[in-house]
Amino acid sequence: MLSWEERRQLVKTANLYYIEGMTQEQIAKKVGVSRPVISKQLQKAKEYGIVEVFIKDESLHTVEIEKQLEEKFQLKDAIVVPVTGGSPELSKKAVGQAAANYVSKNLKGVEKIGISWGTTLAAFVQEYPYQRNEKIKVIPLVGGMGSKQVDIHANQLAYELAKKMHAACSYLYVPAVIDSEELKERLVSMNDVKSVLEEGRSVDIALVGIGNPYQPNSILKEVGYLKEKDIEEFRNAGAVGDISSRFINRNGNPIEHSINEKVIGITLEEIAEINLVIGVVEGIGKKDSILGALNGGYLDVLIIDEETASSILC
């Protein structure tokens with residue numbers, strides 16, 4: 001138990017620090033003790049309930065979710081974006097904005113950025129601020145997606161991001177998925193394709209989206225890469241989603257399906273070796289897909305909407 005005198009001193013110190021706004025150094029000079037003594041008194045004031053700290057901000061809830069995600073999935077960072085009552089488009093925009101803010105502030109020492117494809121990554125590029133980063137080069141991590149929805153292709157996103165950064169850019173002028181493994185091998189042996197894939201393997205940051213082939217609005221279905229028979233085969237193979245058009249199961253392992261052998265882009269194993277892989281994802285329909293990516297250890301940073309983040313912690 002504290003004596004009356006001890007308690008009075010703790011209250012006095014806490015009042016000077018929290019109410020009057022004095023620094024620990026100023027308080028120490030005022031009462032004639034060292035700064036570490038004041039620090040210990042403030043800590044003791046918390047332990048005895050003299051001081052209780054409350055954070056009054058709606059962001060506190062998302063910060064707690066971020067901490068849980070980081071601890072559960074061994075992430076370097078998690079950014080949970082509060083989105084309430086908005087449309088999927090507004091949710092994507094908010095997540096894209098958070099990703100743009102995060103990346104733009106974490107470019108120290110970065111020379112090469114890799115980017116995959118998808119609507120959420122397109123939102124990230126759209127929200128990215130104009131800034132000068134002439135020393136950076138942007139590289140697509142997977143081939144193009146055909147003639148439909150070209151605005152979300154890796155090549156287009158790499159070009160748009162490089163333009164905003166005033167940076168250089170490479171292009172991977174091949175489809176994302178090839179009809180046969182034989183044709184794929186011929187294409188990846190071409191010097192232009194081989195050099196871009198080599199660049200992709202050595203990027204400092206990789207930005208990836210996560211897809212769910214079972215959603216009604218699956219982009220891979222819309223552009224014609226997946227047919228109904230493929231979807232049924234994916235179910236039988238245990239697929240939960242894809243990262244850069246590479247399909248995985250709930251444990252994050254590549255599924256046994258020929259489509260994974262026909263993709264032109266860096267492999268899942270190569271993605272896992274990149275120094276910093278940032279997953280930018282939105283939508284509760286992708287819950288199982290995100291869990292597969294996290295269980296596989298492919299992501300270092302996850303930027304996600306609050307509803308979906310909460311669902312994967314359940």
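Modeller: Here is a quick tour of strands, helices, salt bridges and surface.

Colleague: Ground rules before we start?

Modeller: This is a predicted model, where local features need pLDDT of at least 70, side-chain atom pairs count only at pLDDT 80 or more, and totals for chains, interfaces and linings use all residues. Residues are numbered from 1 along each chain as its sequence is written, and side-chain values use heavy atoms, with hydrogens and water left out.

Colleague: Okay. What is the state of β10, buried or exposed?

Modeller: Five of the five residues of strand β10 (residues 301-305) are buried, so the strand is largely enclosed by the rest of the structure. Buried means under 20% relative accessible area, exposed is over 50%, and partly exposed is in between (1.4 Å probe, protein chains only). Strands here are DSSP runs of E with at least two residues, helices are runs of H or I with at least four, and both are numbered from the N terminus.

Colleague: Which residues of β10 sit on which side?

Modeller: Val301, Ile303 and Asp305 are on one side, Leu302 and Ile304 on the other. Both faces are covered.

Colleague: And which way does β1 pair with β10, parallel or antiparallel?

Modeller: Strand β1 (residues 77-81) pairs with β10 in the parallel sense, over five bridges. Two strands count as paired if DSSP finds at least two bridges between them. Ala78 stands opposite Leu302 in β10.

Colleague: How many bridges join β9 to β10?

Modeller: Four, and these strands run parallel. Val280 has Ile303 in β10 as its bridge partner.

Colleague: How do the side chains of β5 point?

Modeller: From strand β5 (residues 205-208), Ile205 and Leu207 point one way, Ala206 and Val208 the other way. All are buried.

Colleague: Switching topic. What is the strand order in the open sheet of three strands?

Modeller: The order is β6-β7-β8, with antiparallel pairing. β6 (210-211) and β8 (246-249) stand at the edges with a single partner strand each, so one side of each is left without a neighbour in the sheet.

Colleague: What about the pairing of β7 and β8?

Modeller: Strand β7 (residues 239-243) pairs with β8 in the antiparallel sense over four bridges. Asp242 has Phe247 in β8 as its bridge partner.

Colleague: Which helix lies across those strands?

Modeller: Helix α13 (residues 287-295) lies across β6, β7 and β8, running at about 70° to β7. Axes are lines fitted to C-alpha atoms, for helices over the stretch in contact, and angles run from 0 to 180 degrees between N-to-C directions. Contact means heavy atoms within 4.5 Å.

Colleague: Salt bridges next. How many does the structure hold?

Modeller: Eight. The criterion is a side-chain nitrogen of Lys or Arg within 4 Å of a carboxyl oxygen of Asp or Glu.

Colleague: What does Lys92 pair with?

Modeller: Lys92 forms a salt bridge with Glu282, the closest N and O atoms being 3.0 Å apart. Lys92 lies in helix α5 (residues 88-104) and Glu282 in the loop between β9 and α13, so the pair ties together parts that are 190 residues apart in sequence. Lys92 and Glu282 are buried.

Colleague: What does Thr120 touch?

Modeller: Thr120 touches Lys92, Val95, Val280, Val281, Glu282 and Lys286, not counting residues up to four places away in sequence. Thr120 is in helix α6 (residues 119-127). At 4% relative accessibility, Thr120 counts as buried.

Colleague: And the partner of Glu160?

Modeller: Lys163, with the closest N and O atoms 3.4 Å apart. Glu160 and Lys163 are three residues apart in helix α7 (residues 154-165), separated by about one helical turn. Glu160 is partly exposed at 24% relative accessible area, and Lys163 is partly exposed at 40%.

Colleague: How about Arg132 and Glu134?

Modeller: Their side chains meet in a salt bridge, 2.8 Å from N to O. Arg132 is exposed at 56%, while Glu134 is partly exposed at 45%.
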